[in-house]
2 protein chains.
Amino acid sequence: MKSYMEMTKEELLQEKAALEAEYCKIKSQGLALDMSRGKPSAEQLDLSMGLLDAVDSKTVAVSENGTDVRNYGVLDGIPEAKRLIAEMINVKPENVIVYGNSSLNIMYDQIARAELFGICGNTPWSKLETVKFLCPVPGYDRHFAITEEFGIEMINIPMTEEGPDMDLVEQYVNSDPAVKGIWCVPKYSNPQGVVYSDETVRRFAALKPAATDFRIFWDNAYAVHHIYESDQAEILNILDECEKAGNPDMVFEFCSTSKVSFPGAGIAAIASSGANISDIKKRLGMQTIGHDKINQLRHVAYFKNMDGIKAHMMKQAAVIRPKFEMLDEMLTAEIASRGIGNWMKPKGGYFISFEAMDGCAKAIVDKCKEAGVVLTGAGSPFPYKKDPKDSVLRIAPTYPSLEELTEAAKVFVTVVRLVSVEKLLKS
Amino acid sequence: MKSYMEMTKEELLQEKAALEAEYCKIKSQGLALDMSRGKPSAEQLDLSMGLLDAVDSKTVAVSENGTDVRNYGVLDGIPEAKRLIAEMINVKPENVIVYGNSSLNIMYDQIARAELFGICGNTPWSKLETVKFLCPVPGYDRHFAITEEFGIEMINIPMTEEGPDMDLVEQYVNSDPAVKGIWCVPKYSNPQGVVYSDETVRRFAALKPAATDFRIFWDNAYAVHHIYESDQAEILNILDECEKAGNPDMVFEFCSTSKVSFPGAGIAAIASSGANISDIKKRLGMQTIGHDKINQLRHVAYFKNMDGIKAHMMKQAAVIRPKFEMLDEMLTAEIASRGIGNWMKPKGGYFISFEAMDGCAKAIVDKCKEAGVVLTGAGSPFPYKKDPKDSVLRIAPTYPSLEELTEAAKVFVTVVRLVSVEKLLKS
């Protein structure tokens, strides 16, 4: 395929005419497709239905330490659930608090409590003139929505193939006491699928924050969400590395089984140092008597241990892998060959992050929508929804069927080509 | 039985000697009993085991509006769960948000958000010099713990047999703009079992608060928690009354199925005006994607409707009624007859509130503990754990078996008599 960059104006005009005709044809089909939702498909959820039988009326609903899981109590989770979560993210059970269904809610609470009461005896953030968060971009829109909600100033940090630009991170964190946190998705990052390198993790652990209450918000959302049987990413354990580096309290790590079992009916958790855990529990005890221990027991009864989770996630991988591969192949054939877009081929997680030519993202979203294909809004992987180059698009392949996704992807590549040609003709 | 007030000093000394001998005997038994826990007994929980079969792997896990309850989404609850909750507390489904497992957490969140962001556009409470809450006493310790956590100044309001002293409530609420809320348990109040009279509810609805963001925190925790088949209390619907009185936005009502199905694995909810509900949802959407919809569906599948809940609660009543009645009889025989204590005979809820002679509560708790019977700490039904008269004790009859409770009650009445005699001899 000839790169658009090498085309003459005349060739571009010809291409444009052909693409416009194609686009018209697509529009006339009245499609209604969606590549915007970072949700498992029904086929994936079907794989977890056995979870619903794991605890029933015949179950002795008692934790291994004798607690009746049907009654009140146990702020930090039953021991077997703490152990399951600990195995999943490779930490110690005593560093884990198991919550209810939403890790996002845990992250929100961590920030709300920092604002209201301060972290480990430090000044409440709400009493400070300015609080800043570093935001590796592109990133997860709901992270940025939380920090925006609290009026926290967000600073973009570009992502590299190894994780956030650590030179910049070090510069901000080590010099500015107003920088209180950074949002990280260290494994199969949302939306790019970047896996933080060992060096990146070690540089995080070795930070010398100007603020004593600086915390890394380490959202290990895709810890076990591989796409392939082999070729699975591993990242260094940030809690261990921070302890080794003399920064034991610097991390809040989050995870959940939302995309392992059921979104909304899974279990979520935080992992952190002993000092942070006891600081959290002191406040959390005012907030609730405890989370759903029957659902914790249900998850342990069903998955048993890390082997159970791994085997389950391979079944899910078999469902989503063809979708990721189809997209990668179509983008390679139709886009890469023409030099009008980049992406990383993810080995896990839930998204593909497509980088179009500068200034084209919004136009692509609009034109796709006009043709009946919904994409995540341009800008949404950035703080304040502002993509400085208007070039990044988040594609979510998991929810539609392979057939629908293929249809949608065909529209997408046609639109990307059309918008790119228009852009080139204008410049 | 002769009242202690009518006894001569000599008679009291004789009584004391006899009671001391009795107390010594009790101590030698090495008892380990507990009347402190406001928890259902295992026998009550056994009644709900069918809930665990209500959704299984064969269930079509789809809400009546077509939502796959296994997947992400639905901030305010599936329609059938909103309807079930609405029936339970007699409000409209559109005024309900169904949450996760903890109504306490909803109350905490309401206050946390008022502090951080303000209610319906009003100034965030954290920006105000002083925020005050009215606290009907005796009341629920965890309510007071939340307001204390936020540094909110708590003002005691005495309870009458009709609810809080409304003259005082009106005086504070209608004149002081720093008064932002009041904690209420309107039906079978914790710990007295008081049922707010219609006049009380109407006077609440007719308040003319000095603060536009004054809210009644209406914790309808025991809406369906009757002890008797007949003789069940009904209270006026506070949302309706407030609307009629021109104060539609003045109430946050809370409830849960914690003591209907399983504590910790039930569903909880808030009910409020349309304006409040949309104010809440705007913020809640930053906090979480949604609560556990499978558990919502499970509750609807099991209880079906209000008739199902009513029938289920009568089974629970049959378990707890003998415990309440035994206590009432023993207190009547051993305490009332001697003029050394008062209580109301509750028709629902989870507690009996015992009022000893002034200055005796702490001594009773201590002496019971020495004899192996744990009571809720003296002072705990009051803000800052300070009982001004040191006279109120909360007795929780539901968790122990009838046999254990009877044993514990015998110790209790002996200790109350002993402490009362000592008190009378000193004065």
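How many bridges join strand E3 (residues 132–137) of chain B to strand E4 (residues 153–160) of chain B? Six bridges join E3(B) to E4(B), and the two strands run parallel. In this pairing, B:Cys135 stands opposite B:Asn156 of E4(B). Strands count as paired if DSSP finds at least two bridges between them. The strands (E, at least two residues) and helices (H or I, at least four) are DSSP runs, numbered from the N terminus.

This is a predicted model, in which local features need pLDDT of at least 70, side-chain atom pairs count only at pLDDT 80 or more, and totals for chains, interfaces and linings use all residues. Residues are numbered from 1 along each chain as its sequence is written, while chains are lettered from A and ligands numbered from 1 in the order in which they are written.

**The sheets**

In chain B, eight strands form an open sheet in the order E2-E9-E8-E7-E6-E3-E4-E5, with mixed pairing. Its edge strands are E2 (96–98) and E5 (163–164) of chain B, and each pairs on one side only.

Chain A has an open sheet of eight strands in the order E2-E9-E8-E7-E6-E3-E4-E5, with mixed pairing. Strands E2 (96–98) and E5 (163–164) of chain A stand at its edges, each with a single partner, so one side of each has no neighbour in the sheet. E3 (residues 132–137) of chain A runs parallel to E6 (residues 179–184) of chain A. A:Phe133 has A:Gly181 of E6(A) as its bridge partner.

Another pair lies in chain B: E11 (residues 352–356) and E13 (residues 392–395) run antiparallel. There, B:Phe354 stands opposite B:Leu393 of E13(B). Both faces of E13(B) are covered: B:Val392 and B:Arg394 are buried on one side, B:Leu393 and B:Ile395 on the other. Buried means 20 or more other C-beta atoms within 10 Å of the residue's own, with C-beta atoms placed from the backbone.

| Strand pair | Bridges | Direction |
|---|---|---|
| E3(B) and E4(B) | six bridges | parallel |
| E11(B) and E13(B) | four bridges | antiparallel |
| E3(A) and E6(A) | three bridges | parallel |

**Two domains in chain A**

Chain A is divided into domain 1 (4–44 + 310–426) and domain 2 (61–304). The bounds come from an automatic or database domain assignment. The domain centres, taken over C-alpha atoms, are 31 Å apart. In all, 25 residues of domain 1 of chain A are in contact with 30 residues of domain 2 of chain A. Contact means C-beta atoms, placed from the backbone, within 7 Å. On the domain 1 side, H11(A) gives the largest share, eight residues.

**Helix H11 of chain A**

How far apart are the end C-alpha atoms of H11(A)? They are 40 Å apart, which agrees with the 42 Å that its 29 residues should span at 1.5 Å a residue. The expected span is 1.5 Å times one less than the number of residues. H11(A) has a kink of about 35° at A:Ile320, shortly before the proline A:Pro322. The bend is the angle between axes fitted to the seven residues ending at a residue and the seven starting there. Buried residues of H11(A) include A:Ile309, A:Met313 and A:Phe324. Among the elements that cover them are H3 (79–89) and H13 (402–426) of chain A.

**Where the chains meet**

The contact takes 43 residues from chain A and 43 residues from chain B. H4(A) gives the most to the chain A side, with six residues.

Definitions and conventions: Contact = placed C-beta atoms within 7 Å. Buried ≥ 20, exposed ≤ 12 C-beta atoms within 10 Å, placed from the backbone.
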